[in-house]
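Dear colleague,

I am handing over the structure below, together with notes on a few of its features. Please read them alongside the coordinates when you have a moment.

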Amino acid sequence: MSIKQISVFLENKPGALYGMTGVLAQNKVDMRALSLAETKDFGIARMIVDNVYAATTVLKEAGYVHSLTPVLGVAIPDTPGGLNKVLQVITNARINVEYMYAFLGGKNVNQAYMIFRVEDVDAATAALTERGIRTVGQDEIQQL
């Protein structure tokens, strides 16, 4: 089970992020999570949105270079050690975590969501499910 992450390449200059988020806002695309990574000249905005099709369509029409990446979404109890338990399972399955970012959302205020970019989403999903850790898919993200 995976979630589609949109990665948008942006110039590292004032207003670039504002312009991209404006395109999404004008088209009523709701961001669920956002992560930024940058270099001196360019940045990558990685995001999870409620409507992937609408977001990629309006980004393309506005001239933004972007790509889709399958990522793993995990529901984590918002308690001390919640993330550590997930990472233990992933580590024991010998799956590398390339990057991750978190967000709170939904109606359950005692739960956080973590987005993982891993080398094998299916293997990570199987390992977590086997240990009783709930993963989330695109459909659930859209409903938050």
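In a right-handed or a left-handed crossing, which way does α1 pass α2? Please bear in mind that this is a predicted model; in it, α1 passes α2 in a right-handed crossing. Helix α1 covers residues 16-26 and helix α2 covers residues 52-61, and the two pack at an angle of about 125° with their axes 10 Å apart. Because angles of 65 to 115 degrees count as roughly perpendicular and those over 145 as roughly antiparallel, α1 and α2 are therefore oblique to each other.

On the residues that make this packing, M20, V23 and L24 are the ones from α1, and they meet A55, V58 and L59 in α2. By class, this contact of α1 with α2 has six nonpolar residues, with no polar and no charged ones.

Turning to the pockets, the largest pocket has a volume of about 150 Å³, and its lining is made up of L10, E11, N12, K13, A16, L17, L36, A37, E38, F42, G43 and I44. Two or more residues of that lining come from each of β1 (3-11), α1, β2 (31-38) and β3 (42-49). Divided by class, the lining of the largest pocket has seven nonpolar, two polar and three charged residues.

One of the lining residues is F42, which has its place in strand β3. F42 and T135, by C-alpha to C-alpha distance, are 32 Å apart in space and 93 residues apart in sequence.

With best wishes

Terms used: Residues are numbered from 1 along each chain as its sequence is written. This is a predicted model: local features need pLDDT of at least 70, side-chain atom pairs count only at pLDDT 80 or more; totals for chains, interfaces and linings use all residues. Side-chain values use heavy atoms; hydrogens and water are left out. Axes are lines fitted to C-alpha atoms, for helices over the stretch in contact, and angles run from 0 to 180 degrees between N-to-C directions. Helices (H or I, at least four residues) and strands (E, at least two) are DSSP runs, numbered from the N terminus. Angles under 35 degrees count as roughly parallel, over 145 as roughly antiparallel, 65 to 115 as roughly perpendicular and the rest as oblique. A crossing is left-handed if the near helix is turned anticlockwise from the far one by less than a right angle, and right-handed if clockwise. Contact means heavy atoms within 4.5 Å. Ala, Val, Leu, Ile, Met, Phe, Trp, Tyr, Cys and Pro count as nonpolar, Asp, Glu, Lys and Arg as charged, and the others, Gly among them, as polar. On a 1 Å grid over the protein atoms alone, a cavity is a set of points where a 1.4 Å probe fits but cannot get out, and a pocket is an open set with protein on both sides within 12 Å along at least five of seven lines; lining residues have an atom within 4 Å of a point. Grid points are joined across faces, edges and corners, and a volume is the space filled by probe spheres set on the points.
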